[in-house]
Amino acid sequence: MGTDLYYYYRPPHLYAMTDTTRLYLQLADKIAAAIRQGIIAPSSKLLSVRDCARQRKLSINTVTTAYRLLEDKGLIEARSKSGYFVRAQLPEPTQPIKPSRADERQADTLNAFIDAILSHQNQPEYVDFGLACPRGKVFYPSERLSRLTAGILRKQSDLVAKYALPPGSLTLRQQIAQRLIQLGVSVSADELILTHGVLDALNLAIRAVTKPGSTVAVETPTYFNLYPLLETLGVNWLEITTHPLTGMDLDELEATLQQTPIAAIITIPTVHNPLGFTMSRDNKARLAKMANQYQVPVIEDAQHADLQFVNPPEPLLKAYDEGGWVMTSASYTKTLAPDFRIGWIAPGRFHDTIRKLKFLTSVAESSLLSEAIAQFLENGGYERHLRNLRRLYAMQIDHIRSLIAQHFPVGTRASQPTGGFILWLELPEHINSLELARRALAEHIVCIPGLLYSTSQRYQHCLRLTCCFEMSEKYIQGLARLGAIACELAS
């Protein structure tokens, strides 16, 4: 991880890396690397703090701080009167899953299950590992944003008496354009359009380049809400094999483009939902080049790109766009203000079409809410908030993976995401995750079975879990019980 640990764990008051800070981070990095590479085996006992300090010629405080950092990340655990031990580690999925048969998914059954999940959302007696909706004050700067919004309203009370029109607040679009530079994208404010969250942006992008009966190429697995959206628009889809570590199979995609009329390619190449990978720069460049060569629009969902666990962040697919064929969208619902429902799209060559569609469907987004987000971005509050959020999610991902290793059946694999708060689990193949999800729901535990993420019956033994909740004994016990149900099904 190198200096990545410093990036996530830097105390708020430290703006420069001291010698002491560097020493404990270097030690933590070395131990973390040894654990991940299998050099230090699961359940192994680490050197005592005193012995480690003596062997490495470090202070006891330096070693203690390094061990605590590793403990926070879920890599090691302290056992009373025994010392520090390596926690059990989960293997990652390493190969794409082939379809078991080519029939359609059980639409009625799955839609009924989705309805059941939604009906239990936010009910306090349920433990929700299902929907990717962060819950808790720690995930949002609500008080600061509320004060900003109230201040704007006091100074510009006429904002609520004016109709907003697309493309939306110029101030916010300028801030978004400025932030996109960090992700390798150079666009002007005039090239951006504000939307009602990222789903609105996807809807507009699909409508701009398809018509009923068109066919689009999608990853598998992919964001489960994409399928009903395409169905509503009368658009067909072809699933392209997607590797859990590297992303969409570009050879298969290119063969498809050569043989089949494809109206658009829909992809999540940076912090994928649900697999968690980030496509390599070479593959992003190749995909963008293919879009230009075959003149096929690519719709890039960048919803979780701000939550990457690397510094500097990996560039978006849009960074490699040669002819305006890539449309990129994201929102602030997962990171800043879910109720504001403010998103954006950089539509490239389809700007005019999408601007007209936006006006026809929902006119525009709130000027008041847009200005509040713009001020938060401008004064540096968003970047500070993101640093804390990335650190928090990185810790929770590691902690929950360690709990899965303890409580789920032998043979379970879990993704090691490059950002965000979503885990993809592959259970032993004979476990039906829909049955697991049903039994869990009966015990007030919500999770989403893998069948929802494809239409080709590929993921019957897979599960998606979210890690966007405040860790508490309730959630830890809920995860342990979910693992116990999976063990019961495994046996």
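Trainee: In what order do the eight strands of the open sheet stand, and what is the pairing?
Mentor: The order is β4-β11-β10-β9-β8-β5-β6-β7, and the pairing is mixed. This is a predicted model, in which local features need pLDDT of at least 70 and side-chain atom pairs count only at pLDDT 80 or more, while totals for chains, interfaces and linings use all residues. Residues are numbered from 1 along each chain as its sequence is written, and side-chain values use heavy atoms, with hydrogens and water left out.

Trainee: Why are β4 and β7 said to stand at the edges?
Mentor: Two strands (DSSP runs of E with at least two residues, numbered from the N terminus, as are helices, which are runs of H or I with at least four) pair if DSSP finds at least two bridges between them. β4 (193-195) and β7 (247-248) each have a single partner strand, so one side of each is left without a neighbour in the sheet.

Trainee: What makes β5 and β6 a pair, and in which sense do they run?
Mentor: Strand β5 (residues 215-220) and strand β6 (residues 236-243) share six bridges and pair in the parallel sense, with E239 in β6 as the bridge partner of V218. From β5 the chain crosses through helix α9 (residues 226-233) to β6 in a right-handed β-α-β crossover, a term that applies if, with the strands pointing away from the viewer, the path from the first strand over the helix to the second runs clockwise. β5 is also joined to strand β8 (residues 264-267) by three bridges, and these two run parallel; here V216 stands opposite A264.

Trainee: How do you know that β5 is mostly covered?
Mentor: Buried means under 20% relative accessible area (exposed is over 50%, partly exposed in between, with a 1.4 Å probe and protein chains only), and six of the six residues of β5 are buried. Both faces are covered, with T215, A217 and E219 buried on one side and V216, V218 and T220 buried on the other.

Trainee: Why does H385 count as buried, and what does H385 touch?
Mentor: H385, which lies in helix α14, has 5% relative accessibility and therefore counts as buried. Leaving aside residues up to four places away in sequence, H385 touches F139, Y140, P141, R144, T335 and F376, where contact means heavy atoms within 4.5 Å.

Trainee: Why are α3 and α4 called oblique to each other?
Mentor: Helix α3 (residues 49-56) and helix α4 (residues 60-72) pack at an angle of about 120°, with their axes 9 Å apart. Axes are lines fitted to C-alpha atoms, for helices over the stretch in contact, and angles run from 0 to 180 degrees between N-to-C directions. Angles under 35 degrees count as roughly parallel, over 145 as roughly antiparallel, 65 to 115 as roughly perpendicular and the rest as oblique, and α3 and α4 are therefore oblique.

Trainee: Which strands are the edge strands of the open sheet of four strands?
Mentor: That sheet has the order β12-β13-β16-β15 with antiparallel pairing, and its edge strands are β12 (413-414) and β15 (448-449), each of which pairs on one side only. Two bridges join β15 to strand β16 (residues 462-466), and I448 stands opposite R464 in β16.
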